[in-house]
Every structure is written in structure tokens, then in C-alpha cells.
Amino acid sequence: MDIRIETSRLVLRPWSEADIDQLTLGLNDLEVAKWLAFVPHPYSAVHAKDWVRRCQQIASAGTEPTAYEFAIELTSERRVIGGISLNKVDRTAGTGGGGIWIANGYQGRGYGREAFDAKIRFAFRELGLMKLVNGYFDGNESSWAMQRKLGYRPAGEVPSRCMADGRQTIEHLTTLLRSDWQDRED
Ligand SMILES: CC(C)(COP(=O)(O)OP(=O)(O)OC[C@H]1O[C@@H](n2cnc3c(N)ncnc32)[C@H](O)[C@@H]1OP(=O)(O)O)[C@@H](O)C(=O)NCCC(=O)NCCS
């Protein structure tokens, strides 16, 4: 199922083979990968191809997927500047998770917040979920700042490990309830 979400400056759309170069460039950067749990380093075109193939399998896996993986394309440059996911979707429980990355050079311009906001809207409005669970590694002030501004609240912490540099760290868990989000929307 191919889903496209348009925002004022971005398009969230399925990954394709044509994105492999930009995906490799964006994630083969330890400054980005060190904040992500499951991105190896170095990150090669082989990793990117595998990822695109996996996303295509996920997208074709029935009418009620448990994960949505989007490339984030900057409309003005027609360039992929990051990725965002809504995963672990449990329609019975009304919950979902996910993550985001924005390539170095494109961070700090509001694109992360714009993409995350669109994902939240999709999860609550289109899928009818009630609660989103997220997190960030200890020290990732940009991610927490972005999430806090979108209404996420702290929800504990768990030990975690970063695949890119192998370090043991703490993941601060966060949650956003639809009711809180609706309050902010009104
Ligand atoms: C975290 C990340 C997705 C944020 O995306 P971004 O496009 O850089 O962030 P934005 O420009 O949308 O900023 C969102 C808000 O957080 C604020 N912010 C961003 N970085 C900040 C920092 N280091 N300290 C304080 N505030 C910060 C911005 O001012 C902005 O607030 P505003 O909307 O009121 O202006 C991006 O930096 C990134 O991909 N980092 C590397 C990978 C990563 O950390 N992924 C998330 C894993 S949990």
C-alpha cells in the first residue's frame, strides 16, 4: 500500500531503489547513526538496498500493515533528506512506535518537526491510534527538544545499545497520548 503524505515543505513517501545513494550518504554518517539503535557503521549501498527491499516487502504485506516506512523528500530540491517510520502498530491496543533521522546539513531547519508532526497526524487521524511511544538516547538534545515541542512526555528509561558505535547507553522513553495531542491541536 503506497502512502504519500504532503506537508508544506516535505513529502513522506515510500522508499525506492532511486533513493539508495541519498540513503547511503545520509546514514553513513556517525553523527547521525550514533543516535539510532539499528544502523550499522559504516553504512554501505548494500545496507541501503537491503533496507529498501525490506520496506517494499512491508508495504506490500496486506491491508493493515504493522509498520510504515517513509523517505522524507524535500519538495523544493526533490531530494531525500531523511527517513521516518511508524512501526509496532497494534490496532487492538491503539499504539505505535517509530523513529526519524534527518541528514546532516538539513538538521535544525524544522524539517524533523514537520515530518514528525505529519506522522503523528497520520497515526491518530488516519489509523485511529491512541498512543505513540518513542524515545531518544541519552544526550540527544535535538531529538528530545523536537519531541517535547510536539507534546511527548517522559515515560521512563531502559538500557540500550547503539549498533553504529557499539556503546551501551540509556534510552529515555517518551509517549504521546492522542488526548494530549488533540488538546494542543485545538
Ligand atoms: C533529531 C532530529 C530528527 C531533529 O530534526 P531537526 O530537523 O534537526 O529538528 P527541528 O529543526 O525540526 O527542530 C525541532 C525543534 O527542536 C528544537 N531543537 C532542535 N535541536 C535542538 C537542540 N540541540 N537544543 C534545543 N532545541 C533544539 C528546534 O529549535 C525546534 O524547535 P521549534 O520548532 O520551536 O523551532 C535530527 O536532528 C536528527 O535526525 N538527528 C540525528 C538522528 C536522530 O537523532 N534521530 C532521532 C533519534 S531518537
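In what sense do strand 7 and strand 9 pair, and over how many bridges? The legends below start with that pairing.

**Figure 1. Strand 7 meets strand 9.** Strand 7 (residues 131–137) and strand 9 (residues 168–177) are paired in the antiparallel sense, over 7 bridges. Pairing is called when DSSP finds at least two bridges between two strands. Strands here are DSSP runs of E with at least two residues, helices are runs of H or I with at least four, and both are numbered from the N terminus. To find your way in this view, look for V133, which stands opposite T175 of strand 9. Before moving on, please note that this is a predicted model, in which local features need pLDDT of at least 70, side-chain atom pairs count only at pLDDT 80 or more, and totals for chains, interfaces and linings use all residues. Residue numbers start from 1 along each chain as its sequence is written.

**Figure 2. Strand 8 and strand 9 form a hairpin.** E157 has H172 of strand 9 as its bridge partner. Between the two strands of this hairpin lie 6 residues, and G166 in the turn has a positive phi of about 75°. In a regular strand, side chains alternate between the two faces of the sheet.

**Figure 3. A closer look at A155 in strand 8.** A155 sits in strand 8. Leaving aside neighbours within four places in sequence, A155 is in contact with L173, T174 and T175; contact means that C-beta atoms, placed from the backbone, lie within 7 Å. A155 counts as partly exposed because it has 14 C-beta neighbours inside 10 Å. On this scale, a residue with 20 or more other C-beta atoms within 10 Å of its own is buried, one with 12 or fewer is exposed, and those in between are partly exposed, with C-beta atoms placed from the backbone. E64 is 91 residues from A155 along the chain, and their C-alpha atoms are separated by 28 Å.

**Figure 4. The shell around the ligand.** The ligand has 22 residues around it, and W35, Q107, G112, R113 and A145 come nearest. A residue is near the molecule if its C-beta atom, placed from the backbone, lies within 6 Å of it. Strand 6 (100–102), helix 4 (111–126) and helix 5 (141–149) each supply at least two residues of this shell. Helix 5 gives the most, with 6 residues. Sorted by class, the shell holds 10 nonpolar, 8 polar and 4 charged residues. Here Ala, Val, Leu, Ile, Met, Phe, Trp, Tyr, Cys and Pro are nonpolar, Asp, Glu, Lys and Arg are charged, and the others, Gly among them, are polar.

**Figure 5. Helix 4 from end to end.** The 16 residues of helix 4 reach 21 Å from first C-alpha to last, close to the 22 Å expected at 1.5 Å a residue; the expected span is 1.5 Å times one less than the number of residues. Buried residues in helix 4 include Y111, G112, F116, I120 and F124. Just after the helix, G128 takes a positive phi of about 75°.

**Figure 6. A61 in a loop.** A61 lies in the loop between helix 3 (45–59) and strand 3 (68–74). It is exposed because 12 other C-beta atoms lie within 10 Å.

Methods: Two residues are in contact if their C-beta atoms, placed from the backbone, lie within 7 Å.
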